[in-house]
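Let's walk through this two-chain structure together, one question at a time. Have the sequence and the 3D view open as you read.

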Amino acid sequence: MVRAADEPIQSQQLLLGLAEQLKLPLLQIARRAELASLGQDVDLAAIQATADSALRLVDSYVLGVRLAEGGQAALELEPVSVSSVLYDTAHQLSSVAKFYGVHLELSIGGRYAPVLTNREGLQAALTSLGVALIEALPALNSQQLTLQLGAHRSRYGIVAGLYSDSEALTAESLRRGNQLLGKSRQPLVGVSHSSGAGIFVADAILQAMNLRLQPTRHNRLYGLGAVMQSNNQLQLV
Amino acid sequence: MKIVLLEPDKVLANTYRQALTQAGHKVVMCATAQAAIFAADELKPDLVIMELQLTSHSGIEFLYEFRSYDDWTAVPVIVLTNVPAGEFSDCWSLLRDQLGVQGYHYKPLTSLRTLLRAVSAVNPVTV
């Protein structure tokens, strides 16, 4: 995907996808409120989790646009521990995962040297991606309903990603999705029943940080993630 | 009434199921077209409520398969979808006349009460 703010049309397409995506949490809140008015017990924590994840998606979109507009000068780089970002992401995803019946697992094999990146951007990208995958998993042919947040070394660098047993997360589905973004109501038809905006927002944020979202494998699972270069000289204090 | 609810979003499906169950219906939730076919085989539904936007398959593909079985040619189907009417006005006659869709409801503008009224208005077919 081309960096959003560099190309207004692309940015508008992302916004259209976001608008389409936001119908879902609003619809969930509206119908559950109505259910309460029909005399049914409604879990307020679920409504709060839905609203929180929608707000986070909007914030992530704004962050992606700001990072892209500001260019490298606006990008505050710092040494970041990939493991700690994954821990925090898992924490942010836990309430949404609970209501979708998705089990979250952390798989961080070993200690990794820090990477030089924008921590807020990396976490926002992984969280957006995570919410999108959690919403999609029950409708995929996922046997386990488990989302694994993992980090591993590859020959290209450290890969931080989110993985499931669904084979739908392929390079081809991402490529086609990028082509259809803003033109189709459901650009990632094999992955998500919605607009999949969280996945495209994650990609936009990563691109603004000179990274990109790409299909990856880990522990025999299929996933999407970002490859970053670690450097021992960036050891955290 | 026995209802197969084909809704890919689990949270939304649970909400519809609660409302329909409270109204006295038996509901089986399905997130995929394939699961809905299996569920229909087991439940022998009086009604199918379905989203058109599904993962991997379109709702129209599901309808073609569903109607291909003799037992289900007359089972009423209500479409409850995020796709606005204007976007499939060209194929509405196909949905209504060939695939037997009895009603269309745009999800964002369809309250639970409206859905319950639409379900009540359906006359179950004895298979």
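**Sheets, helices and the contact between chains**

Q: In what order do the five strands of the open sheet in chain A lie?
A: This is a predicted model, and in chain A five strands build an open sheet. The pairing in that sheet is mixed. Reading across, the order is S2-S4-S5-S7-S6.

Q: Which are the edge strands of this sheet in chain A?
A: An edge strand here pairs on one side only. Neighbouring strands of the sheet are turned against each other by 30° on average, direction ignored. The two edges are S2 (103–108) and S6 (214–218) of chain A.

Q: How many bridges join S2(A) to S4(A), and which residue stands opposite A:His103?
A: S2(A) and S4(A) run parallel, joined by six bridges. Follow the pairing from A:His103, and the residue opposite in S4(A) is A:Thr146.

Q: What do S4(A) and S5(A) form, and how many residues lie between them?
A: S4(A) and S5(A) run antiparallel, with seven bridges joining them. One of the pairs to look for is A:Ala151 with its bridge partner A:Ala160 in S5(A). Together the strands form a hairpin, and the number of residues between them is two.

Q: Which residue in S7(A) is the bridge partner of A:His218?
A: S6(A) pairs with S7(A), residues 221–228, in the antiparallel sense. Five bridges make up that pairing. In S7(A), the partner of A:His218 is A:Leu221.

Q: Are H3(A) and H4(A) roughly parallel or roughly antiparallel?
A: The axes of H3 (residues 82–100) and H4 (residues 119–136) of chain A come within 9 Å and cross at roughly 25°. Angles under 35 degrees count as roughly parallel. H3(A) and H4(A) are therefore roughly parallel.

Q: Is the crossing of H3(A) and H4(A) left-handed or right-handed, and how many residues of their contact are nonpolar?
A: H3(A) passes H4(A) in a right-handed crossing. Residues that meet there include A:Val85, A:Leu93 and A:Val96 in H3(A), and A:Leu122, A:Leu126 and A:Ile134 in H4(A). Five residues of the contact are polar and three are charged, while the number that are nonpolar is nine.

Q: Which helix gives the most to the side of chain A that touches chain B?
A: In the contact between the chains, 24 residues of chain A touch 21 residues of chain B. H1 (8–37), H3 and H4 of chain A each supply at least two residues of chain A's side. That side divides into eleven nonpolar, seven polar and six charged residues. With eight residues, the helix that gives the most is H1(A).

Q: What is the strand order of the open sheet in chain B?
A: The open sheet of chain B has five strands with parallel pairing. Its edge strands are S2 (26–30) and S5 (101–106), and the twist averages 20° from one strand to the next. The order is S2-S1-S3-S4-S5.

Q: Which residue in S5(B) is the bridge partner of B:Val79?
A: S4(B), residues 77–81, pairs with S5(B) in the parallel sense over five bridges. H5 (residues 112–120) of chain B lies across S3 (47–50), S4 and S5 of chain B, at about 175° to S5(B). The bridge partner of B:Val79 in S5(B) is B:Tyr104.

Q: How many residues of the contact of H2(B) with H3(B) are charged?
A: H2 (residues 33–43) and H3 (residues 59–68) of chain B pack at about 25°, with their axes 10 Å apart, and their crossing is right-handed. B:Ala33, B:Ala36, B:Ile37 and B:Ala40 in H2(B) meet B:Glu61, B:Phe62, B:Glu65 and B:Phe66 in H3(B). Six of the contact residues are nonpolar and none is polar, which leaves the charged count at two.

Q: Over which residues of chain A does pLDDT stay under 50?
A: The model scores ipTM 0.92 and pTM 0.91. Chain A averages a pLDDT of 89, and chain B averages 93. The stretch of chain A that stays under 50 is residues 1–6.

Key: Residues are numbered from 1 along each chain as its sequence is written. Chains are lettered from A and ligands numbered from 1 in the order in which they are written. This is a predicted model: local features need pLDDT of at least 70, side-chain atom pairs count only at pLDDT 80 or more; totals for chains, interfaces and linings use all residues. Axes are lines fitted to C-alpha atoms, for helices over the stretch in contact, and angles run from 0 to 180 degrees between N-to-C directions. Helices (H or I, at least four residues) and strands (E, at least two) are DSSP runs, numbered from the N terminus. Angles under 35 degrees count as roughly parallel, over 145 as roughly antiparallel, 65 to 115 as roughly perpendicular and the rest as oblique. A crossing is left-handed if the near helix is turned anticlockwise from the far one by less than a right angle, and right-handed if clockwise. Two residues are in contact if their C-beta atoms, placed from the backbone, lie within 7 Å. Ala, Val, Leu, Ile, Met, Phe, Trp, Tyr, Cys and Pro count as nonpolar, Asp, Glu, Lys and Arg as charged, and the others, Gly among them, as polar. Two strands pair if DSSP finds at least two bridges between them. pLDDT is the predictor's confidence in each residue, from 0 to 100.
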